[in-house]
Amino acid sequence: MGGGLIVHIPEATPDEAHLRELLVPGIRVVVGQADGIESERHVLVQGLPSREDIEGSPNLRTVVIPWSGLPRATREILLDNRHIEVHNIHHNAAPAAELAVALLLAAAKRVVVMDRALRSGDWRPRYGDETSTTLDGRTALVLGYGAIGRRVAAACRGLGMHVIGVKRTLRPGDDDVPDDVHAMEDLDGLLPQSSVLVLSVPLTDETKGLIDTHRLGLLPAGAVLVNIARGRVVDEDALFEALRSGALGAAGIDVWYNYPRAEEERAHTPPSSRPFNELDNVVMSPHRGGAFKADDTERRRVEALARVLNALARGGPAPNRVDVDRGY
């Protein structure tokens, strides 16, 4: 796809000027609903295009979803239009990884329980049976060894941990990393040696319920689980019962099973049908792994988008190609 690339971004971006500064010559960017551009555009930057958006553009060759993941409705349309490439942008990898590490440390060190007690002047947890998990010398299994998972892995190594990465698909170059990287079929054999399990995989038909009662039972007693993937990657009832019984030592959870459907529900919507809020060994976070200061969000977003568009304009492989068949 040589020069003269026409890119259409239907929804206005607050940092449009910065995006244009980053693009190589030969890229024409049209922002907003522009009549007539549909028949000319080569690239559509939109997460939830309609079937008409896709099939009514004879020159369209690439869809860029301006976040990570592939919405189910978008995937269904693109499965019928296989000549179109799909790419993500991973601008939120750094803050998501940072929150994963924060949840890991808070859960392993019982930070929330200790904080809550000391706020009321209660020092007894320090002298009681409430213990914390030492991470140094332990093994962390990072399930989903992509842009986020690799950052989490680097932080775990910095804490003195041995890291195992698990990917759904091994590719050339995966052996050129400082961690042991395995395919998904090795998961059950790796869980018994993993004192920490960090989840950063997308939710697909293959990953839904992937961590169930059986796999939670394979973890060593007292293991720590961190989920920044999607709630339903982990079986809801199995997770609650493992934490309630103490078979699973602690968890830091950023992704859930129930979300507010409207703004008026945001102040009173429990994140699960099970009372995770009653468990002292859970650190709860309201799905904010990719959240950071608004202006930084847009800056990172347009920089990641520019990298994809520049690669397309140069005719080379662009980053973050999505396999529509697999859904990621």
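**Figure 1. Burial and overall form of the protein.** In this predicted model, 48% of the 328 residues of the protein count as buried. The chain is arranged into 11 helices and 12 strands. Its radius of gyration is 22 Å, close to the 20 Å given by the globule rule for 328 residues, so the protein is as compact as a globular protein of that length. Along its principal axes, the C-alpha trace spans about 70 × 45 × 35 Å. Among contacts between residues at least 6 apart in sequence, 64% join residues at least 24 apart.

**Figure 2. The largest nonpolar core.** In soluble globular proteins, nonpolar side chains tend to be buried together. The largest nonpolar core here has 33 residues, of which Leu143 and Ile211 touch the most other members. At least two residues of this core are supplied by each of the following elements: the strands S6 (139-143), S7 (162-167), S9 (196-199), S10 (223-227) and S11 (248-253), and the helices H8 (187-190) and H10 (236-245). Helix H10 provides the largest share, 5 residues.

Figure 3. A second, separate core of 29 residues includes Ala100, Val142, Val177 and Val181.

**Figure 4. His18 in helix H1.** His18 is placed in helix H1, which covers residues 16-22. Its relative accessible area is 18%; because buried means under 20%, His18 counts as buried. Leaving aside neighbours within four places in sequence, His18 is in contact with Arg299, Val302 and Glu303.

**Figure 5. Val322 in the segment after helix H11.** Val322 is found in the segment that follows helix H11 (294-314). With a relative accessible area of 5%, Val322 is buried. Val322 and His87 are 235 residues apart in sequence, but their C-alpha atoms are 5.3 Å apart in space. Apart from neighbours within four places in sequence, Val322 is in contact with Leu70, Val86, His87, Asn88 and Tyr328.

Figure 6. Arg138 is found in the loop between helix H6 (124-127) and strand S6. The relative accessibility of Arg138 is 36%, and this residue therefore counts as partly exposed, between the limits of 20% and 50%. When residues up to four places away in sequence are not counted, Arg138 touches Thr133, Met161, His162 and Ser195. Arg138 and Gly26 are 112 residues apart in sequence, and their C-alpha atoms are 51 Å apart in space.

**Figure 7. Pro270 in the loop between strands S11 and S12.** Pro270 lies in the loop that joins strand S11 to strand S12 (282-284). Pro270 is partly exposed, with a relative accessible area of 48%. From C-alpha to C-alpha, Pro270 and Pro49 are 31 Å apart in space, and in sequence they are 221 residues apart.

Note on methods
Residues numbered from 1 in each chain as written. Predicted model: local features only at pLDDT ≥ 70, side-chain atom pairs only at ≥ 80, totals over all residues. Heavy atoms only, no water. Core = buried A, V, L, I, M, F, W, Y, C linked by side-chain atoms within 4.5 Å. Buried < 20%, exposed > 50% of the residue type's maximum accessible area, 1.4 Å probe, protein only. Helix = DSSP H or I, 4+ residues; strand = E, 2+ residues; numbered from the N terminus. Contact = heavy atoms within 4.5 Å. Rg over C-alpha atoms; globule rule 2.2 N^0.38 Å.
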